[in-house]
Every structure is written in C-alpha cells, then in structure tokens.
Amino acid sequence: MASRLEHTTANNDQQPIEDRRLTKAYGLLHHLHYGQDKISYEVIRKDKSRKLRIKVHPDQRVVVTVPMQVTDEFIHNSVKKRARWIWQHVQDFAKQKSDVLPRRYVSGETQFYLGRRYVLKVIIDPEQVAGVKLIRGKLTVTLTHDDSNASDGSNRATKIKSLLDGWYQTKAKTIFAERLAAVLPQANWVNGSPTFKILSMKKQWGSCSTQGNLVLNPHLVKAPKECIDYVILHELCHIAEYNHSDRFWRLLTQVMPHWREVKTQLDSMAELYLNE
Ligand SMILES: [Zn+2]
C-alpha cells in the first residue's frame, strides 16, 4: 500500500509523474527460508548508502538497500540474522490488512478524525435535521427517516456515507487551511499563500502542480495533524524542487527532520483511512 500511496508530483493536475526510484523498488527478488515460510526480499544497490538497511513496507514487501560493493552472500547472511524481525513485521502488516473490513455504515463502526477513533452512531429522528455531529466522543449521524427499504439497508448506508463524506470535506477544508497557514512560515521559498483544492483520491494524499497549486485528499483529515503537516510540507517542497531529487529530500528534512517516522505512521494507517 505504501508505495501506491507515495505522493507524486504532477506536471498538471491530470498527469502525475511518479518517482520510480523512491516509490517503487526495482531490485532483484531473493528468497530465504524461515521455518515453514519463505521470505522474499528485493535488493537495491545504491552508490550513496553507507550501510545495509532492511525495510518492511505495509504492503509486505521487504526491501534491502545496500552499498554498491556488498556481496550477495553478505546480504543473504544479514537478512538471515534478522529473519525473525522481518517475519514478524510481515505478519503484522498482513494481519492489519485482514482487519480492514468493508464498511457497512452502522452504529458501532469506527470512524477516524485527526488521528482519533470515534464510534459511529446512527439516529433516526424525524424531528431533527439530517446531519453529522461529533458529540461526546461519538460521530453521530442523524437521519430524518428510515431509508432502509432495501432488506440489507443499502439505501440507508448510501445516505449515511454521503452525509459523512460531506462532513469530512467540510472539516478537511477548515483543517487543511489551518495547517497550511501553520506550516507556511517554514516554507520560506514560497511566495504568498498557495491555493489548495480537495479531491478524493485512491492512491495519493496530495499533489502539487507546476503552478504551485496543491491538491489534498479529504481522507487525510482522518490522520493526526502531524501527518497532515507532513503531506502539506512535502507538497510545498515541490514548489522549490519539482521532483524527488536529493535536494528535494534535503529540503523536506530541513523543515521536518523526522518526516520518515511520520510517513511510516501515515502509511501504516492508509488502508483504514481510505476504507469507505
Ligand atoms: Zn512528492
């Protein structure tokens, strides 16, 4: 999931360019037996890497980044030494994925907002106005009448989903404007205040056009503020560096030194935030 959710820059709003070096691993696939299981890992050789690094991605890919001159045997032995740790992480990510059930939009389901979990509560009350409110830790959706004429309640689910979508869109507009204003002083290479547009996307949290206009995914409002700041700063860095060059990552590290941790946190929750 992580790689599919990397941010991409866009030469215009319709045509995102993916940075292949960073969003996808194009290494050779190697294998290792661990008990009954087989661990497959990709090896990426990089001029600039000084030591061997193993990373397990949320989509369960295992990527080993090594300096150019390291031997296959050394890589194999290093992976073998950490096999238990790798295996555990792959299991954890696999479990997380199976935990993502299709939404039914019924009371008791979990909804996310700013990194917190809220319980969904559906009320049918003809005396009230239909809408969504955050009341006492519950995300309460009020319907004025029971739309469940289909036996599986699908009409009701559609209605609840559309009310929730509207609520998230409104919150996203406010929160993103607030976070953009908060992080903008750090991005001193940006003149004026960039505009942003909200667009529901399956594979991106945000993008930035050559004109410096941002596009942000409304589902991002489900994530903690720090994750929102990361995506906004990432896109703002594209105003200075319209690519994923070393200069781009240096700039991002300058304005958010711990961006990798924040990104990992966001990636690990992506399936849940995008589940609808
Ligand atoms: Zn980017």
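The legends below go with close-up views of a predicted model. Residues are numbered from 1 along each chain as its sequence is written. Because this is a predicted model, local features need pLDDT of at least 70 and side-chain atom pairs count only at pLDDT 80 or more, while totals for chains, interfaces and linings use all residues.

**View 1. The chain at a glance.**
Helices (H or I, at least four residues) and strands (E, at least two) are DSSP runs, numbered from the N terminus. Of the 276 residues, 25% count as buried, meaning that 20 or more other C-beta atoms, placed from the backbone, lie within 10 Å of a residue's own. Among contacts (C-beta atoms, placed from the backbone, within 7 Å) with a separation of 6 or more, 49% link residues 24 or more positions apart.

**View 2. An open sheet of four strands.**
Here the strand order is β7-β8-β10-β9, with mixed pairing; two strands pair if DSSP finds at least two bridges between them. At the edges sit β7 (110-113) and β9 (131-135), each pairing on one side only. From one strand to the next, the twist averages 35°, with axes taken as lines fitted to C-alpha atoms and angles running from 0 to 180 degrees between N-to-C directions.

**View 3. The β7-β8 hairpin.**
Zooming in, β7 and β8 run antiparallel and are joined by four bridges. Thr110 has Val119 in β8 as its bridge partner. Two residues lie between the strands of this hairpin, and Leu114 in the turn has a positive phi of about 50°.

**View 4. The two pairings of β10.**
With β8, the pairing is parallel over six bridges, and Leu120 stands opposite Leu139 in β10. With β9, strand β10 (residues 138-143) pairs in the antiparallel sense over five bridges; here Lys133 stands opposite Thr140.

**View 5. The largest nonpolar core.**
A nonpolar core is a set of buried Ala, Val, Leu, Ile, Met, Phe, Trp, Tyr and Cys residues joined through C-beta atoms within 7 Å. The largest one has 34 residues, and those with the most contacts inside it include Leu220, Tyr230 and Leu233. Elements giving two or more residues to this core include β8 (116-124), α4 (154-183) and α5 (225-240), and α5 provides the largest share, eight residues.

**View 6. Around Ile228, and a second core.**
Leaving aside residues up to four places away in sequence, Ile228 touches Ile175, Phe176, Arg179, Leu220 and Ala223. A second, separate core of nine residues includes Val56, Val64, Val79 and Ile86.

Conventions. Buried ≥ 20, exposed ≤ 12 C-beta atoms within 10 Å, placed from the backbone. Contact = placed C-beta atoms within 7 Å.
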